[in-house]
Amino acid sequence: MYSKRVAKIKVSPIKQIELLASKIPGVVSLAQGIPSFDTPANIKNNVKAALDKGLTPKYTVPPGLPLLREVIERKLAEEGMKYDFETEIIVTCGAIEALTSTFLSVLDEGDEVILPSPSYTTYQEVIKLASGTPVFTWLNEESGWQFDLEDFRQKISKKTKAVLICNPNNPTGTILSKEQLLTIADLSVEHNFFIILDEVYKDFIYNDIEFFSLATQSKYRKNIIRVFSLSKSYAMTGWRIAFLHSDKQNTAEILKVHDSLVTCAPTVSQYGAITALEEGSDSIKQFQVIYQKRLNLICKELDKLKNIFSYQRPSSAYFVFPKVLMEEGIDSWQFCVEILEKAKVALVPGIAFGPSGEGHIRMSFGRDEATIKEAFIRLKKYFNT
């Protein structure tokens, strides 16, 4: 009775862990990647003003408020990306809706999407929902979770329609190199496939590594579809607000799906986004300082468990992706379920992020210091260290 397409997808393992955790009293969570911060006061205050003026009850046009799209156009230009607010920018209900609308617009039954492993768990399900097939290519742990370009080339086929790149990467915190990205861009032109960029963590970088976006390169603009969410940068996960931009021939097709799915992004959230993009830079700087301290803390705690975990210090985002050293071929799902039940700490199994994630776990330092400290007190007790 139900769709075979929907039967192929599943609820994110991150959400599955959180659902299990909700049934166990007293759990502390380093699982779901939700910033611990409240939305900055200037955003909330300006939204309150918009509410009082009666600006928010009605739909906007499907691409979003013209004023917001103009602000986005200016922000993109400051970052070296030139896109027209009238025809090349669409405001969406978060990054996942942007990706869903994109894949529904570009994929036909049997089309393949190259997906780096490890990368964000929900990508796999969105591709399947759009009748596509995820084809995993490996990020190499030994080279700092960079692409294995030879493996990438081997995964290109006549069915390849796109590659989806999360940069900076969730779960590894890796910043992908400019040289590798340009190589992939050249391959996209040669083999005629899209590069879909999810760059939601670009504002949180903790070292001097250069962040490079392919969307700054005009020669690839017809192949590039870029997504950015305000959820992480401005502590607005619950507002469900993001945007995508691409060449107008691509956005014209994506807009049809976006309109069919949601009509428009929430108007109240669009007014919040205007303030965030115009006035939110100080908040981002404050968040980054705090995340840097939390990164130092979680790495210090992991060092105390060096017989249990090995890890690479992330350069960005707010996740660490340790490898479990206890035994070869460990089942990361069962490992996390056991820790949840016995230590009352919620972690995400590495298998959620693709085949090469097995044997790892993801920890979020988006949570406050007290939560991180308590989680490691429990982990050290559990491991008798």
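The largest pocket of this predicted model is lined by 28 residues, and K15, I96, Y120, K232 and R240 lie nearest its centre. A pocket is defined on a 1 Å grid over the protein atoms alone as an open set of points with protein on both sides within 12 Å along at least five of seven lines, and a lining residue has an atom within 4 Å of a point. The elements that each give two or more residues to this lining are α2 (13–21), α5 (94–106) and α6. Helices (H or I, at least four residues) and strands (E, at least two) are DSSP runs, numbered from the N terminus. The largest share of the lining, five residues, comes from α6.

Residues are numbered from 1 along each chain as its sequence is written. Local features need pLDDT of at least 70 and side-chain atom pairs count only at pLDDT 80 or more, while totals for chains, interfaces and linings use all residues; side-chain values use heavy atoms, with hydrogens and water left out.

**Pockets and cavity**

The second largest pocket has 15 lining residues, and the closest to its centre are K75, E79, K202, D203 and Y234. Two or more residues each come from α4 (66–78), β8 (224–229) and α11 (281–303), and α11 gives the largest share, four residues.

A cavity, in contrast to a pocket, is a set of grid points where a 1.4 Å probe fits but cannot get out. Rolling a probe the size of a water molecule over the atoms shows where empty space is left. The whole structure holds one cavity of 30 Å³ or more. Its lining consists of E141, W145, T172, S310, Y311, Q312 and F321.

The table lists the volume and the lining classes of each space. A volume is the space filled by probe spheres set on the grid points, which are joined across faces, edges and corners. Ala, Val, Leu, Ile, Met, Phe, Trp, Tyr, Cys and Pro count as nonpolar, Asp, Glu, Lys and Arg as charged, and the others, Gly among them, as polar.

| Space | Volume | Lining residues by class |
|---|---|---|
| Largest pocket | about 590 Å³ | 13 nonpolar, eight polar and seven charged residues |
| Second largest pocket | about 250 Å³ | seven nonpolar, two polar and six charged residues |
| Largest cavity | about 40 Å³ | three nonpolar, three polar and one charged residues |

**Sheets**

Strands of a sheet pair through backbone hydrogen bonds, either parallel or antiparallel. Two strands are counted as a pair if DSSP finds at least two bridges between them. Eight strands form an open sheet with mixed pairing, in the order β2-β9-β8-β7-β6-β3-β4-β5. At its edges stand β2 (89–92) and β5, each with a single partner strand, so one side of each has no neighbour in the sheet. Within this sheet, strand β7 (residues 194–198) runs parallel to β8 and is joined to it by four bridges; I195 stands opposite I224 in β8. Helix α6 packs on the sheet and touches β3, β4, β6 and β7, and its direction makes about 155° with that of β4. Contact here means heavy atoms within 4.5 Å. Axes are lines fitted to C-alpha atoms, for helices over the stretch in contact, and angles run from 0 to 180 degrees between N-to-C directions.

Another open sheet has three strands in the order β11-β15-β14, with antiparallel pairing. Its edge strands, β11 (319–320) and β14 (348–349), each pair on one side only. Two bridges join β11 to strand β15 (residues 361–364), and V320 has M363 in β15 as its bridge partner.

Most residues other than glycine have a negative phi, and most peptide bonds are trans. The bond from S117 to P118 is cis, with omega near 5°. P118 is found in the loop between β3 (112–117) and α6 (122–129). Another cis peptide bond joins N167 and P168, with omega about -5°; P168 lies in the loop between β6 (160–166) and α8 (178–191).

W145 has a phi of about 60° and is placed in the loop between β4 (133–140) and β5 (146–147). W145 is buried, with a relative accessible area of 3%, and it is also one of the residues that line the largest cavity. K344 likewise has a phi of about 60°, in the loop between α12 (332–343) and β13 (345–346). K344 is partly exposed, at 33% relative accessibility. Buried means under 20% relative accessible area, exposed over 50%, and partly exposed in between, computed with a 1.4 Å probe and protein chains only.
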